Amino acid sequence: MATNLPKVDVIVVGLGWTGGIIAAECAKAGLKVIGLERGRSRGTEDYLRIHDEYRYALRYELMQDLSKETITIRNNRKMPALPMRQLSSFLLGEGLGGSGTHWNGHTWRFYPYDFQIKTMTDQKYGPNKLSKEYLLQDWGVTYDELEPYFYKYEQTAGISGEDKNPFWGKRAQQFPTPPMKKTPILKKFEGATQKLGYTPFMLPSANLSEAYTNPDGEVINACQYCGFCERFGCEYGAKTSPEITVIPTARKTGNFEERFHANVVEVIKNGNKVSGVKYIDTQSGEEFIQPAEVVVLASYVMNNAKLLMVSKIGEQYDPDTGRGTLGKNYCYQILPGATGYFDEQMNVFMGAGALGMTIDDFNGDNFDHSDLDFIHGGSISITQTGYRPIETNPIQSDTPTWGPEFKKNSIYNYTRTLGIGGQGASMPHKENYLSLDGNYKDAYGVPLLQMTYNFTDQDRALHKHLSEVCSNIMKEMGAKTVDIKKPITDYDIVGYQTTHNTGGTIMGSSPDNSVVNSYLQHWDAENLFVVGAGNFPHNGGYNPTGTVAALAYRSAEGIVNYSKNGGSLV
Amino acid sequence: MSEGKKNITRRDFLKTTGVATGALIGGGIIGGLVGFNMDKTDQGVSNVGKENHAMPTPRGMQFFQNTRDFEVLSNATERIFPKDDLGPGAIELGVPYFIDHQLAGQYGSNSREYMHGPFAVGAATQGYQSRLTRGAIFRQGITLLEAEANKRFDTGFSSLEGEQMDEILTAFQNDEIPMAGTTSAFFFRLLRSATLEGAYSDPMYGGNNNMDAWRMKEFPGHQMAYINLIEDEKFQKIEPMSLGEM
């Protein structure tokens, strides 16, 4: 039997970036907040021995324990869905900080075009630019409305950058800290892209160029360029993450309680409101009912969608009829690129997760798509994240993958290879969606989330286009030989691609086309908020965190207002 | 760092990180940073690295139960990552011990992965769908490498010439050898990955003996910071460090 606990103002499910932001803002406003996190507590003191590629990058020490819960996956509705038994294509976070602990720190603002993609595409290219199977829609919020919240997050995180991209949305303020160091590797990219007529700029980074104190009084240290960011926590507290910023900010208020090993299995709905959540203490096995005035789902894309589905809140999307919004518009990203093999040795093992330079000449609608069979585009970057030896064995496509030639070539190339990569936007398609699985369950008897996803013709065309751009830049950089990324066919969950999953709990201007309104308030339950990249109606050509965090700050403001006044925020 | 800059000084470090400037998290970080042993002349911080090197490390099998299987594994890894004029191969690096130890633990029992049924073969795009743990796959695969050697050459795998071993490994790689509950191509991929993991992981896991694989690749292992070097045009040859030396 579940034990009933005393009611609290706000429950936050999941203590990563979004949960941390909501918790901090609500607790600062005087609301009593409980954070339920199914993983462990952790912090900088746990990362002092983090330079361990095998443990953290190969065995995924900081990531979700799939023996407890995973998702099932299939490329299309005709295939039986099977469990994702091992992490690979994307790396789900778990524990305090969530994937905000092991992210690289690329911090972008999506384009004004992203938020009004349907309107702007129709205006410029007519209503039939993409077929009706692509479910493009505006987000219900504009870049201008979000601008202060973007900045609020950048201030919290101390983002290092420079306002030198001629294409992106207008910034009211400069970046809080100057850009990172421009290394010789970055300069190669800068020179080549300038020669080709593009406009390179330093990638906005949450690995800070200098020590910084944020408006909440939290200190973020200066990056040491040690080369261990992605899949690792930062031993210096120099990669901004929830456990060094928003979580301590929430703690300081005295209004915030964290409960770890607390796995939420249901959001309890009563009429047009929710009354709280049911969770299991994963150590004792005990069940609890935690009532609250406001429930905020702030776990990852997958679990936010799943919790709504198992709690029967909202209508499941049906690709046959197009009815329902829950699970709709699941998107991913595509990773075009090129690899260049050089004669000279470079310091490839030094770096930082968000140390890079970017061009946006092929992102968003920054180039004319009239004669192209796709819309949108992607940022194109060189990043110097620190090559690590187990996973970095660069060989030309005609070299054997093991034996003497492999050994010689992979060792020779290790310090002589660079990559340029694009992050291609992903457009929603009627056949790509999330639902509940009928066969497989998690460790607590709850059905797994099912993902039905494949790349689309739009993805394939965009991938090819951007890979060619990457290849040209690489040649201009002086590579002796260049391998271009192979064209994509079907989505394969094997091999890391990106942890930029989006959609399923999308935002919008009406309950007919979205799960939540622009404050991320659920259309069917006014005291339920669903926060995260699941809100994106499509995925852009950038890493999502900056936009996720801006939406979370705006949502937090909405939650505080709702707590005073009640009712719909729109 | 080859130019005498190996140890970033404590003062430089505090200056560049800003650690000393502001409110710290608890105070845990300072305690932890002392453990980094940034300045080896610093009294009061013991350096046990050298003593550790001098200690004989007992090596034994935690997973495999007989020498024949272990030698099959050893020879197969050596064909994948052979000794050459650049330096040692998998055997001298200790890769077979690394794999043996990993198979005896979490890796070998897939304990952080979803291993519940029902099981189905699935499409290649759906990834690992075997009901077998890595431990079970290795056990079966090693037995089959030996059986295939006997079938083709009438002798055990470890008595074969290198080219004969390669022929058999290639047959596994090309999925020509039937396996129960998995495929030989999958086993080969696992074997190849595990070999590279053993060669290039921190020596504390039992492979990468003396950090020699890192030396071949010119990867400096665990270094605290490159902030003073990263803008240098010149390639930096840096003596590697292991986490065990922290």
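The expected span of a helix is taken here as 1.5 Å times one less than its number of residues. In the predicted model, helix H4(B) has 14 residues, and the distance from its first C-alpha to its last is 20 Å, close to the 20 Å expected at 1.5 Å a residue. The rule also holds for H10(B), whose 17 residues should span 24 Å; its end C-alpha atoms are 24 Å apart, which agrees.

The buried set comprises B:Asp69, B:Val72, B:Leu73, B:Ser74, B:Asn75, B:Ala76, B:Thr77, B:Glu78, B:Arg79 and B:Ile80. These residues pack against helices H5 (90-93), H6 (95-103), H8 (134-153), H9 (162-173) and H10 of chain B. In H10(B), the buried residues are B:Ser184, B:Phe187, B:Phe188, B:Leu191, B:Ala194, B:Thr195, B:Leu196, B:Glu197, B:Gly198, B:Ala199 and B:Tyr200.

Chain B as a whole has eleven helices and zero strands, and its elements run α-α-α-α-α-α-α-α-α-α-α from the N terminus on. Of its 246 residues, 39% are buried. When contacts in chain B between residues at least 6 apart in sequence are considered, 60% join residues at least 24 apart.

Chain A contains eleven helices and 20 strands. Its C-alpha atoms occupy a box of roughly 65 × 55 × 50 Å along the principal axes. For 570 residues, a compact globule would have a radius of gyration near 25 Å; the value for chain A is 23 Å, which agrees. Buried residues account for 62% of the 570 residues of chain A. Among its contacts between residues at least 6 apart in sequence, 75% join residues at least 24 apart.

The largest nonpolar core consists of 221 residues, and A:Ile22 and A:Val296 have the most contacts inside it. Helix H11 (residues 545-565) of chain A gives the most to this core, with nine residues. Nonpolar side chains tend to be buried together in soluble globular proteins. Leaving aside residues up to four places away in sequence, A:Ile22 touches A:Val12, A:Val296, A:Ala298, A:Val531, A:Ala552, A:Ser555, A:Ala556 and A:Ile559.

An open sheet of six strands is found in chain A, with antiparallel pairing and the order S6-S14-S15-S16-S13-S19. Its edge strands, S6 (201-202) and S19 (481-484) of chain A, each pair on one side only. Strands S14 (residues 356-359) and S15 (residues 378-383) of chain A run antiparallel and are joined by four bridges. The bridge partner of A:Ile359 in S15(A) is A:Ile380.

The contact between the chains takes 63 residues from chain B and 66 residues from chain A. On the side of chain B that touches chain A, two or more residues each come from helices H1 (10-17), H2 (28-34), H4 (67-80), H10 (184-200) and H11 (212-217) of chain B. The largest share of this side, four residues, is given by H10(B). By class, the side of chain B that touches chain A has 32 nonpolar, 19 polar and twelve charged residues.

Notes: Residues numbered from 1 in each chain as written. Chains lettered and ligands numbered in written order. Predicted model: local features only at pLDDT ≥ 70, side-chain atom pairs only at ≥ 80, totals over all residues. Contact = placed C-beta atoms within 7 Å. Nonpolar A, V, L, I, M, F, W, Y, C, P; charged D, E, K, R; others polar. Buried ≥ 20, exposed ≤ 12 C-beta atoms within 10 Å, placed from the backbone. Rg over C-alpha atoms; globule rule 2.2 N^0.38 Å. Core = buried A, V, L, I, M, F, W, Y, C linked by C-beta atoms within 7 Å. Pairing = 2+ DSSP bridges.
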